[in-house]
Amino acid sequence: MKEEELLLLFGAIMVVGLNTLVKSGDNLLEARNLSIVALILIFGIGGMSFSAGQFQLQGIGLAGILGVVLNLVLPHGKKK
């Protein structure tokens, strides 16, 4: 795939994800949610990579796993 196609694909995935968060009623300006979204975007678009020996993660794969891990690790805000 060309870089332009990958950027378009990642952008489409991002829009669908943000739309899902908005429809579910999550506040994207809450510090926890904002941090998760920002780091996913930075890792996904910024070309970050992680490697250990022969194993390597990069791009959308790394960003997706990072999002899941951050969602499990970061504390949730108090419910009103």
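This report covers the fold, the helix packing and selected residues of a predicted model.

## Basis of the model

Local features need pLDDT of at least 70, side-chain atom pairs count only at pLDDT 80 or more, and totals for chains, interfaces and linings use all residues. Residues are numbered from 1 along each chain as its sequence is written, and side-chain values use heavy atoms, with hydrogens and water left out.

## Overall fold

The protein chain has three helices and two strands. Their order from the N terminus is α-α-β-β-α. Both element types are DSSP runs, numbered from the N terminus: helices are H or I with at least four residues, strands are E with at least two.

The C-alpha atoms fill a box of roughly 45 × 30 × 15 Å along the principal axes. The chain has 80 residues, and 16% of them count as buried. Buried means under 20% relative accessible area, exposed over 50%, and partly exposed in between (1.4 Å probe, protein chains only).

## Packing of α2 and α3

Helix α2 spans residues 31–45. Helix α3 spans residues 59–73. The two pack at an angle of about 160 degrees, with axes 8 Å apart. Axes are lines fitted to C-alpha atoms, for helices over the stretch in contact, and angles run from 0 to 180 degrees between N-to-C directions.

α2 and α3 are therefore roughly antiparallel. That label applies to angles over 145 degrees; under 35 is roughly parallel, 65 to 115 roughly perpendicular, and the rest oblique.

Ala63 lies in helix α3. Ala63 is buried, at 1% relative accessibility.

Leu66 and Val22 are 44 residues apart along the chain, with 20 Å between their C-alpha atoms.

## Nonpolar surface patch

Ile65 belongs to α3 and is partly exposed, at 44% relative accessibility. Ile65 forms a nonpolar surface patch with Val68, Val69, Leu72 and Val73. Together they have about 490 Å² of accessible area.

Patches are made of residues with over 30% relative accessible area and no salt bridge; like charges are joined within 9 Å, nonpolar side chains (Val, Leu, Ile, Met, Phe, Trp, Tyr) within 5 Å. A salt bridge is a side-chain nitrogen of Lys or Arg within 4 Å of a carboxyl oxygen of Asp or Glu. Accessible areas come from the Shrake-Rupley method with a 1.4 Å probe; for residues, only the protein chains shown count as cover.
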